[in-house]
Amino acid sequence: MVTLNAPEMFDSQAITKDWKMLSSWMPVPELGVLPVNSFLLKAREALLVDTGLGILGVDFLKRLEGEIDLPDLKWIWLSHMDADHVGNLQALLDAAPNARVLTNFLGMGKLNLAGFDVSRVTLIDQTGVPEIAGHNLIPVRPPYYDAPETMGFFDRNDGVFFAGDSFGALLPGVAHDLAGIAKSDLQEGLALWSSIDAPWLASVSREAFDRTLAAIDRLDPAVMISSHLPIVRNGISDMTAALSNAYRSGPVGGFDPFSVDHVINSLAA
Ligand SMILES: [Fe+2]
Ligand SMILES: [Fe+2]
């Protein structure tokens, strides 16, 4: 597997006939590498999911322009407002004048505070989003996340489930195919990433977490796409099982020196 010294973009990958993944990877010191994916629904009115890493902006826009004419970009679905998801947003709003941003109320508020033009936002609400090139995207809250505006979706037509940050994995090296990753590396990487991205999972009841994971098993997507994992094509039960097992024996990540519990104990000592 390839290791990295700096973030890098790689060739786009087909997900389904209409969906493509724009693939980048970044090194995480001491911990390995992390994929940072954006996704493109290629259609007459195209939809882009997240806008990549700002540090790779020139390459990102070049690769996107290799797929579509930017004036044809109609929608930009923002999973949430973290830097690895909105990196090239302003450049895209400038270069794609017909594009509107899809997010929820909290997401729009964060964009407003960051100085973006929120008149270009269309809010995602319980009624879902407009049909996009024959695809019906149903908003879904992923099983865990690091920002409460996070919104994934289930594409009813292609059976594609977008899980945002969840199901991300820190890995030993770049791997474009899940099959190229050792099972133990994948399990450890899933557990480690979830403990960093959503440390609150440590205080969620196991039963509640397992219920959420079981619901995803029942959703049974044909394909799962995560912002931080290669494409999952053969069912997601291995992923949900790995996460459930990781947390069954208690919090992943071990001792937390910043927990209120520990602080209180040290004050009493
Ligand atoms: Fe995030
Ligand atoms: Fe992320």
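Biologist: What does α1 lie across, and what angle does its direction make with β1?
Modeller: Helix α1 lies across β1, β2 and β3 (32–41), running at about 20° to β1. Touching here goes by contact: two residues count if their C-beta atoms, placed from the backbone, lie within 7 Å. The angle is taken between N-to-C directions on a scale from 0 to 180 degrees, with axes as lines fitted to C-alpha atoms, for helices over the stretch in contact. Helix α3 (residues 105–113) packs on the sheet too, touching β6 (100–103) and β7, and its direction makes about 160° with that of β7.

Biologist: What are the ground rules for the model and its numbering?
Modeller: It's a predicted model, where local features need pLDDT of at least 70, side-chain atom pairs count only at pLDDT 80 or more, and totals for chains, interfaces and linings use all residues. Residues are numbered from 1 along each chain as its sequence is written, while chains are lettered from A and ligands numbered from 1 in the order in which they are written.

Biologist: Why are β1 and β7 called edge strands?
Modeller: The open sheet has seven strands in the order β1-β2-β3-β4-β5-β6-β7, with mixed pairing. β1 (8–14) and β7 (121–123) each have a single partner strand, so one side of each is left without a neighbour in the sheet. From one strand to the next, the twist averages 25°.

Biologist: How do you know that β1 and β2 pair?
Modeller: Pairing takes at least two DSSP bridges between two strands. Five bridges join β1 to β2 (residues 19–28), and the two run antiparallel, so they qualify. F10 has S23 in β2 as its bridge partner.

Biologist: Why is L64 called buried?
Modeller: Buried means 20 or more other C-beta atoms within 10 Å of the residue's own, exposed means 12 or fewer, and partly exposed is in between, with C-beta atoms placed from the backbone. L64, in helix α1 (residues 57–67), has 24 such neighbours, so it counts as buried.

Biologist: What makes D50 and D220 stand out, and is each buried or exposed?
Modeller: Both have positive phi without being glycine: near 65° for D50 and about 50° for D220. D50 sits in the loop between β4 (46–49) and α1, and its 25 neighbours inside 10 Å are why it counts as buried. D220 lies in the loop between α5 and β11 (223–225), and with 11 other C-beta atoms within 10 Å it's exposed.

Biologist: What makes the α4 and α6 crossing right-handed, and which classes of residue make the contact?
Modeller: Helix α4 (residues 183–197) and helix α6 (residues 237–248) pack at about 65°, with axes 9 Å apart. Residues making the contact include L186 and L190 of α4 and M239 and L243 of α6. By class there are seven nonpolar, two polar and no charged residues; Ala, Val, Leu, Ile, Met, Phe, Trp, Tyr, Cys and Pro count as nonpolar, Asp, Glu, Lys and Arg as charged, and the others, Gly among them, as polar.

How values were computed:
Helices (H or I, at least four residues) and strands (E, at least two) are DSSP runs, numbered from the N terminus.
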